Amino acid sequence: MYTDTVPAMHHCHFHFFHKIRFSICLSLFLIGLGIFCAAVCKCADSDTWIAQFLTEQKTDSAKNPSDASGSAASTGDTSTDDISTADAAFTDYMTELFRQEASANLLNLHYTLADPAAYGITDYQTSLGSCSADSPARSAAFAENLLAGLQPFESSGLSEENQLTLDILKESLTLTKSGGRWYCYDEPLTPTTGLQSQIPILLAEYTFRNTRDITDYLSLLSDIPRYFSEISAYEKEKAAAGRFMPSFAAQRLIQQCNDFTADIDSHYLIATFNQKTDAMNGLSKNERAAYQKQNHDILEQQVFPAFEQLSQTIAGLQDSGYNDAGLCHFPEGNAYYEYLVRCSTGSDDSVAMLEKRAANQRKEDLLLVSELLEDHPDLAEELERLDLSAQSPEEMLDTLRQAITADFPVLPDCNVTIKYIDAAMEDYLSPAFYLTSPLDHLTENTIYINQKNGYEGIRLFTTLAHEGFPGHLYQNVFFHSQNTQPIRSLLGYPGYTEGWATFVELHSYLYSGLSEDAARLCAANQAAILSLYATADMGIHCEGWTLDDTATFFSTYGFTDEEVLRDIFELIVSEPANYLKYYIGYLEFHDLQEEMKKQNPDTYTDTAFYERVLKIGPAPFGVLRDYVLGNR
């Protein structure tokens, strides 16, 4: 995200995924697809949209975050004492950088740390940040300054952990620096990953641990009018530059805002606030009533009008855009898409290479589907017989938690709560998403389910694997329980996080009660479906596919519903590179696993591979590959 804010979403992984119902077709090389496309929305799980790190130019911190990079760190001598000194200096530098970045935005801070004071953060701004058109240039300048500050550490013989952090941070900053040229290309109001849908969820889940949390929350509510005013100004600037959102996206955004403000008396931000304050110990009856009235008044007098004003702004601009198709129709649109793909996937490959990789893997998966059905025609009946309807989501998560212990590293004890998306937001949010826990409070985790999508049976089971065990929840808790440097939590790599969750989601068919062949069939079929979405994303945004082109492509694989195809096309146009983080991320893990098998044919185990990539944690795939295969 290249606005002048980090709107806390980087630490709140909304993992969004438009699942598709599949029916296995007995003919060769063809998958019969009954498409499920929830009311067009996006993620995090998003899951997701993940905000980019370092999006705001600092003043003092644009220099060195500390003086830790002193002479000891800059020496080339790698004796034990010097290495220890260099590590200490680097750790101090990263600690100060983390404090500055985490405290720059209150939503980020709250979702990153339960107790900021324990990390030396006692002063912070109670705001949502800022949004401006010059953000990419400012972010690039800040990244350039930080890169200069990191140079003394490059030859200092850091420990492996610190060297890994340095390599990842340099990659992140270099990418941010290269993004400085993209004036008015970023879109903060995408239909399903945009701020207008993400901020309300974050506010609804805002934890009240003490009275300061309550007053901070109310300050954030009061800051929405200013923040939305800046977003409106940015959208006007985008329109003047000829880069306004597609008309169908604008119409959907207007409807979102109208739905949000439809009924204050039964609004979920009233209900959740009242529930949380009612549950707090230490509040008198009068204090509780006063806080609840203040929340109601701010929503009615400030927040609702801000959403209405945003809706009016978009309505006034919705006819100003000239491009209702892919990014390639904008000036330098192809170059921007290449950049966006790099940010989204973490892959070093060009779009052209990714298209080839997707097509090749799709051929392999479809061939496997055909071979399995030809050799075992009874598999289709097995899939029809599988009945998981008696299991609740909680029971499915328990099943998954127990089943993965045979294959995956041990996870520290943690809890997970299933919640359901408020009816007012069902049309705009994903089938499910995972909300990450703070670094210092990993035991409590939340998974949201969107009941409107009607997920049940095997679809719900594998979705919970994606969000829970061994997907996002498992990966997040495992990585951060290793006492890694906190700065790593601010470096968002959606290609890794979504790729991992998709990779293990396909693996989870093995835990559903299916035979191994049936599980392989389902996984290959689902992977092929994902590749279609990824290929369409690249075709629309890089090659200029029209709706007709997109329909022709999907029809080759059995897609014929015109309304669904239009929904898919508009979703992909509105959310460029969104599907790539899932499929290309998955493909990177798939290929890396194969490389590790070839490198260690006699000693390779899946468990060792999982543990290695989980310990390294979110990273660009070039760095991940080097550390997994021992090239660094």
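## Ground rules

Helices here are DSSP runs of H or I at least four residues long, numbered from the N terminus, and strands are runs of E at least two long. Keep in mind that this is a predicted model.

With that numbering, proline 470 sits in the loop between helix 15 (457–467) and helix 16 (472–480). The peptide bond linking phenylalanine 469 to proline 470 is cis, with omega at about 5 degrees.

## Helix 8 against helix 10

Now for a helix pair. Helix 8 (residues 247–260) and helix 10 (residues 285–317) have axes that come within 9 Å and cross at roughly 160 degrees. Angles over 145 degrees count as roughly antiparallel, so that is the label for helix 8 and helix 10. The crossing of helix 8 past helix 10 is left-handed.

Who touches whom? On the helix 8 side you'll find Ala250, Leu253, Ile254, Cys257, Asn258 and Phe260, and they meet Val303, Phe304, Phe307, Leu310, Ser311, Ile314 and Ala315 of helix 10. Sort the residues of this contact by type and you get eleven nonpolar, two polar and no charged.

Which residues other than glycine have a positive phi? Glutamate 332 is one of them, with phi near 60 degrees, and alanine 577 is another, at about 70 degrees.

Glutamate 332 is in the loop between helix 10 and helix 11 (333–345), while alanine 577 is in the loop between helix 20 (562–574) and helix 21 (578–599). Are they buried or exposed? Glutamate 332 has 47% relative accessibility, so it counts as partly exposed. Alanine 577 comes in at 0% and therefore counts as buried.

## Strand 5 and its partners

Strand 5 (residues 444–449) is mostly covered, with five of its six residues buried. Strand 3 (residues 415–420) pairs with strand 5 in the parallel sense, over six bridges. In strand 5, asparagine 445 has valine 416 opposite.

Strand 4 (residues 432–435) also joins strand 5, this time running antiparallel and through four bridges. Here, phenylalanine 433 is opposite tyrosine 448 of strand 5.

Key
Residues are numbered from 1 along each chain as its sequence is written. This is a predicted model: local features need pLDDT of at least 70, side-chain atom pairs count only at pLDDT 80 or more; totals for chains, interfaces and linings use all residues. Side-chain values use heavy atoms; hydrogens and water are left out. Axes are lines fitted to C-alpha atoms, for helices over the stretch in contact, and angles run from 0 to 180 degrees between N-to-C directions. Angles under 35 degrees count as roughly parallel, over 145 as roughly antiparallel, 65 to 115 as roughly perpendicular and the rest as oblique. A crossing is left-handed if the near helix is turned anticlockwise from the far one by less than a right angle, and right-handed if clockwise. Contact means heavy atoms within 4.5 Å. Ala, Val, Leu, Ile, Met, Phe, Trp, Tyr, Cys and Pro count as nonpolar, Asp, Glu, Lys and Arg as charged, and the others, Gly among them, as polar. Buried means under 20% relative accessible area, exposed over 50%, partly exposed in between (1.4 Å probe, protein chains only). Two strands pair if DSSP finds at least two bridges between them.
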